[in-house]
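Welcome! Please take a moment to look through the sequence and the 3D picture before reading on. The notes after them are meant as a friendly guide.

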Amino acid sequence: MTDILGALLPFWLQIAGAAVLGAIIGSFLGAALVRLPEQRSVVTGRSACDGCGRALTLRELIPVLSWLAQRGKCRTCGGPIGGWQLACEIGGAVIAIAALLLTDEGMALAAMLMGWQLLLLALLDLRHLWLPRVLVGWLAASGVAVVAAHAWAVRSFDPVLASLAGGALGFGLLWLVAKVYLKGRGREGMGAGDPPLLGAVGLWLGPLGVVEVMLGASILGILAAIVMLVSKRNVAADTALPLGTCLAATAWPLFLLQGPG
């Protein structure tokens with residue numbers, strides 16, 4: 001599909017279209033970021049101000065531009081429109097543009113799909129230390145679909161085998177770490193969603209990708225702890241860090257560089 005668009009549209013127009021599409025998807029992700037923890041539907045109900053409850057007009061729902069025009073405030077009550085919404089919209093656009101610019105031929109849509117899912121999971125874990133199983137399941141299912149399509153394109157079953165091996169290694173590795181920690185310390189040391197998330201990532205990236213993601217996430221976790229120490233926040237052995245955010249932030253750039261496992 002991206003090859004067809006490339007033949008029909010000038011490159012600057014492809015970039016502009018990707019940015020608009022990404023911002024629209026990001027707007028939806030921003031709504032999901034607010035609604036999912038409150039157990040509200042993300043597909044029904046009109047968008048409304050969280051402060052006064054007024055339904056938003058189409059002019060107020062233009063990604064990025066509406067937030068900037070209103071200076072991050074509701075026009076009616078003056079209540080703040082969270083910066084998380086703007087971050088989702090900009091993040092969605094950046095993911096789409098980067099996928100178009102940096103992926104190998106034919107992988108742009110797959111990279112966008114993976115990036116948008118990981119963006120939502122990363123922010124949910126960062127804000128709530130929560131990785132919904134259904135979202136992780138969708139990430140895993142889409143990874144299998146992408147790898148299967150890639151295997152069909154290259155006429156080889158090897159990508160599927162690598163994907164399954166990566167999924168098993170990713171889940172098994174963090175599951176084992178969690179069990180060892182629980183047995184040794186007598187308490188939970190990892191969120192229940194982290195092993196399934198790394199397993200889902202493994203389906204996209206394969207066994208080597210799992211190892212690379214673990215290394216990258218460990219480095220990000222150490223850097224986060226250093227930042228917390230420098231900012232004089234208390235960091236103890238039981239301080240909760242969003243491992244899922246670190247995994248997501250490492251996994252997507254790896255997919256951009258190497259494609260499916």
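What follows is a short tour by topic, from ring pairs to chain contacts. Keep in mind that this is a predicted model. A search of the whole structure finds one salt bridge, and the structure also holds one aromatic pair. It has zero disulfides.

**Aromatic rings**

- A pair of aromatic rings is described by the distance of the centres and the angle of the planes.
- The structure holds one aromatic pair, and its two members are Trp204 and Phe255.
- Their ring centres are 5.3 Å apart and their planes stand at 85 degrees, so this pair is edge-to-face; the edge-to-face label needs an angle over 60 degrees.
- Are Trp204 and Phe255 buried or exposed? Both of them are buried.

**Arg155, a residue with two stories**

- Arg155 is found in the loop between α6 (133–154) and α7.
- The charged end of Arg155 sits over the ring of Trp152, at 5.1 Å from the centre of that ring.
- Arg155 counts as exposed because its relative accessibility is 63%.
- Most residues other than glycine have a negative phi, and most peptide bonds are trans.
- Against that background, look at Arg155: its phi is near 55 degrees, a positive value in a residue other than glycine.

**The salt bridge and the residue between its partners**

- Side chains of opposite charge can pair when their charged atoms come close.
- Which residue forms a salt bridge with Arg40? The partner is Glu38, and the closest N and O atoms of the two are 2.8 Å apart.
- Glu38 has a relative accessibility of 48%, so it counts as partly exposed.
- Arg40 is also placed in the partly exposed class, because its relative accessibility is 37%.
- Gln39 is located in the loop between α2 (11–35) and α3 (65–69).
- Gln39 is not a glycine, although it has a positive phi of about 60 degrees.
- With 76% relative accessibility, Gln39 counts as exposed.

**Cysteines**

- A disulfide is a covalent bond between the sulfur atoms of two cysteines.
- For comparison, a disulfide needs the two sulfur atoms within 2.5 Å.
- Cys88 is buried, because its relative accessibility is 1%.
- Cys246 has a relative accessibility of 12%, so it counts as buried.

- Leu169, Leu173, Val177, Leu208, Val211 and Leu215 make a nonpolar surface patch of about 500 Å².
- Which elements give two or more residues to the nonpolar patch? They are α7 (158–185) and α8 (194–230).
- One of the patch residues, Leu208, lies in helix α8.
- Leu208 counts as exposed because its relative accessibility is 58%, and the cut-off for exposed is over 50%.

**Sequence distance and distance in space**

- Ala96 is placed in helix α4 (residues 83–102), and it is buried because its relative accessible area is 0%.
- Between Ala96 and Ala18 there are 78 residues of sequence separation, while their C-alpha atoms are 5.3 Å apart in space.
- Pro242 sits in the loop between α8 and α9.
- Pro242 counts as buried because its relative accessibility is 17%, and buried means under 20%.
- The C-alpha atoms of Pro242 and Leu129 are separated by 5.9 Å, although these residues are 113 apart along the chain.
- Ala141 lies in helix α6, and its relative accessible area of 41% makes it partly exposed.
- How many Å separate the C-alpha atoms of Ala141 and Ala69? The separation is 39 Å, and the two residues are 72 apart along the chain.

Definitions and conventions: Residues numbered from 1 in each chain as written. Predicted model: local features only at pLDDT ≥ 70, side-chain atom pairs only at ≥ 80, totals over all residues. Heavy atoms only, no water. Patch = residues over 30% accessible without salt bridge, like charges linked within 9 Å, V, L, I, M, F, W, Y side chains within 5 Å. Areas by Shrake-Rupley, 256 points an atom, 1.4 Å probe, with all protein chains shown as cover. Salt bridge = Lys/Arg side-chain N within 4 Å of Asp/Glu carboxyl O. Helix = DSSP H or I, 4+ residues; strand = E, 2+ residues; numbered from the N terminus. Buried < 20%, exposed > 50% of the residue type's maximum accessible area, 1.4 Å probe, protein only. Phe/Tyr/Trp six-rings, centres within 6.5 Å; stacked < 30°, edge-to-face > 60°. Lys NZ or Arg CZ within 6 Å of the ring centre and 35° of its normal.
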